[in-house]
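Please view the model alongside the text.

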Amino acid sequence: MGEQGLAGVLVSALGGPLGVCEEHVGDLQKHFCLITMQEFLENKTQLGPKIQAVSGIFSWLPTVYIWGGRPTIDRELLQSLPALKIVANSGAGLEHLDLKLIASFGVKVANTPRAVSSPTADMGMALLLAAARRVVEGHQLAISPDTENLPINWMGQEVTGATLGIVGMGNIGYKVAQRARAFEMKILYHNRKCRKLEEEEAVGATYCERLDDLLQQADFVMLAVSLTPQTQRLIGRRELRLMKPTAILINIGRGLLVDQDALLESLQTGVIQAAALDVTHPEPLPRDHPLLKLKNITLTPHIGSATHQARRQMMENMVESIRACLKGLPVPNEVLLK
């Protein structure tokens with residue numbers, strides 16, 4: 001809990017696996033009175049009138065602070081927070097928010113897209129390299145008690161000079177291209193619109209207006225596109241069959257970009273060689289999910305932005321947006337309805 005007089009900010013929890021990062025709590029409490037969902041729900045009857053009266057330790061609750069997609073913002077919560085001014089969301093993805101619903105209550109939304117770009121691009125390249133060189137399989141082979149000899153013909157795919165197809169050339173996709181250029185990769189990209197010529201030339205990227213053209217040419221296909229109704233299951237059975245049998249699919253966007261049943265079938269039957277996913281649907285996958293049993297898949301637990309530096313920047317960006325909103329100033333990184 002913060003001191004009296006500080007603006008109230010609703011958070012999922014303080015610390016723990018699903019709460020606000022414990023390292024950030026002290027910094028946040030310098031600016032805000034942090035109210036957990038449990039505290040709010042336990043005091044909901046008393047809290048409503050106090051918010052209307054602007055009095056008490058829960059003097060007002062103008063902000064919801066979303067960390068890791070929590071707490072959930074629905075109509076019931078919005079109706080119970082009549083003084084709400086802003087929803088501050090960590091990260092770039094917004095598919096868990098009903099922006100039209102939130103806007104209908106006169107509430108602003110802000111996110112932190114730039115804070116996640118570099119670490120997520122790093123993660124994309126890490127997954128590409130791990131899948132290409134079969135790093136996880138190699139680790140298991142190296143530590144297995146059954147290993148007596150190291151096979152000399154155990155091989156992966158070359159990355160240097162290979163063709164990378166990037167689907168989604170926003171901030172993250174472009175940073176992936178910058179990193180791939182250092183590996184002398186040929187870079188193709190598919191996006192709603194092409195980048196400026198000077199941006200393309202800076203990374204040696206070629207625009208593919210048709211996704212099919214990219215899929216047919218790429219040795220590695222990396223998904224860095226936002227999840228929308230139009231991009232849901234963007235990669236399905238048809239698209240996977242367009243890819244080379246030696247191709248590797250990397251997903252650092254959202255799990256629902258890929259038809260997982262089609263991906264499973266493709267990996268089992270050799271339609272593509274391998275996949276590396278930082279995101280799935282759901283997260284985590286059920287422990288008996290068949291994808292977990294495959295050797296030609298590398299899975300990480302949605303950790304694209306999970307560095308100490310990025311998470312701190314996300315927190316600082318959210319604080320900046322909240323404070324600006326409460327002062328009536330322009331909100332940095334405000335998300336506007338299109």
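In which loop is Pro282 found? Pro282 sits in the loop between strand S11 (274-277) and strand S12 (297-299). Helices (H or I, at least four residues) and strands (E, at least two) are DSSP runs, numbered from the N terminus.

This is a predicted model, in which local features need pLDDT of at least 70 and side-chain atom pairs count only at pLDDT 80 or more, while totals for chains, interfaces and linings use all residues. Residues are numbered from 1 along each chain as its sequence is written, and side-chain values use heavy atoms, with hydrogens and water left out.

**Cis peptide bonds**

The bond that joins His281 to Pro282 is cis. A cis bond also links Glu283 to Pro284, and Pro284 belongs to the loop between S11 and S12.

| Peptide bond | Omega |
|---|---|
| His281 to Pro282 | near 0° |
| Glu283 to Pro284 | near -5° |

**Positive phi values**

In the loop between S12 and helix H13 (308-326) lies His302. The phi of His302 is near 55°, a positive value in a residue other than glycine. His302 counts as partly exposed because its relative accessibility is 31%; buried means under 20% relative accessible area, exposed over 50%, and partly exposed in between (1.4 Å probe, protein chains only).

Asn333 is placed in the segment after H13. Its phi is near 60°, again positive in a residue other than glycine. With a relative accessibility of 26%, Asn333 counts as partly exposed.
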